[in-house]
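Hello,

Here is the structure for you to look over. My notes on it follow below.

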Amino acid sequence: MTGDCATQRSSRRAFVAAMYGVHPCARVGVRVNEHTSRVAQRALNERIDRDTDALLVIDVQEDFIPPHGALAVRGGDEVVGVCSDVMRAFEHVVFSQDYHPEGHMSFASQHEGKSPYDEVEFPYGTQTLWPDHCVQGTKGCEFHPDLAVPSRTMIVRKGHNSKVDSYSAFYENDKVSDTGLAAYLKDLGVTRVFVVGLAYDFCVKYTALDARTLGFDVIVVRDACRGVDMDGTIAAADAELADAGVRTIFTVPVPSQ
């Protein structure tokens with residue numbers, strides 16, 4: 001790519017991001033970490049088209065990572081390096097970020113007599129209650145420090161409406177509030193998305209399902225995800241994704257030089 005082409009692509013990316021409310025990382029104070037120091041690296045055994053493929057990195061944030069995360073997903077720390085390795089292949093990289101205000105209505109602490117993982121009925125349907133997590137301005141809301149954040153990254157913030165939870169990077173849980181991600185990707189000419197991150201049986205699953213509904217080809221990189229697994233939710237996610245036509249692949253080791 002020539003310097004002029006690179007500049008044009010960068011400018012277009014910023015313009016499209018501004019149109020649809022999807023934020024370039026440089027505009028939201030996120031550090032730019034292009035490289036990781038991992039010795040053993042992994043890659044996709046899949047041909048990537050840098051023009052029409054995009055990588056969606058879902059919620060790899062401190063509160064979802066053990067041992068200290070408020071809503072830690074078992075094995076969540078194991079996906080950080082794999083996600084960093086995988087994104088090397090992509091020109092289009094989007095991070096989603098859970099971005100809750102204090103007192104979000106999906107927090108069990110806001111419902112007297114309820115505990116985390118109880119279910120309640122909201123106007124848009126059944127809602128699982130969670131521990132307080134990913135609150136704006138807290139360390140738990142930040143991306144994991146070992147996660148590579150390339151300068152080309154775009155960030156979709158979700159869950160900032162205090163009355164509506166958000167699992168998918170495309171829609172809030174009411175399926176009405178649009179994050180702008182679909183329009184952003186389509187304007188860039190993206191036709192296929194690869195999905196990685198946390199948690200497989202919630203935010204990864206709903207992102208992948210919405211992407212299929214919106215007309216994208218979808219591939220979930222399974223070893224770059226970990227799940228909560230509440231009463232069989234991982235097995236249910238496997239079946240739902242397969243029924244929707246979502247492919248599942250695994251990474252392969254990069255041969256040492």
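The structure holds zero disulfides, a disulfide being a pair of cysteine sulfur atoms within 2.5 Å. A disulfide is a covalent bond between the sulfur atoms of two cysteines. Cys 83 is in none. Its nearest cysteine sulfur belongs to Cys 225, 7.0 Å away. That is too far for a bond. Cys 83 is buried, at 0% relative accessible area. Cys 225 is buried too, also at 0%. Buried means under 20% relative accessible area, exposed over 50%, and partly exposed in between, with a 1.4 Å probe and protein chains only.

A word on the basis. This is a predicted model, where local features need pLDDT of at least 70, side-chain atom pairs count only at pLDDT 80 or more, and totals for chains, interfaces and linings use all residues. Residues are numbered from 1 along each chain as its sequence is written, and side-chain values use heavy atoms, with hydrogens and water left out.

Next, Leu 209. It sits in helix α4, residues 200-213. Helices (H or I, at least four residues) and strands (E, at least two) are DSSP runs, numbered from the N terminus. Leu 209 counts as buried because its relative accessibility is 18%. Leaving out residues up to four places away in sequence, Leu 209 touches Glu 240, Leu 241 and Ala 244. Contact means heavy atoms within 4.5 Å.

Last, a hairpin. Strands β5 and β6 form it, with two residues between them. β5 covers residues 119-122 and β6 covers residues 125-128. They pair in the antiparallel sense over four bridges; pairing takes at least two DSSP bridges between two strands. Val 120 has Gln 127 in β6 as its bridge partner.

Best wishes
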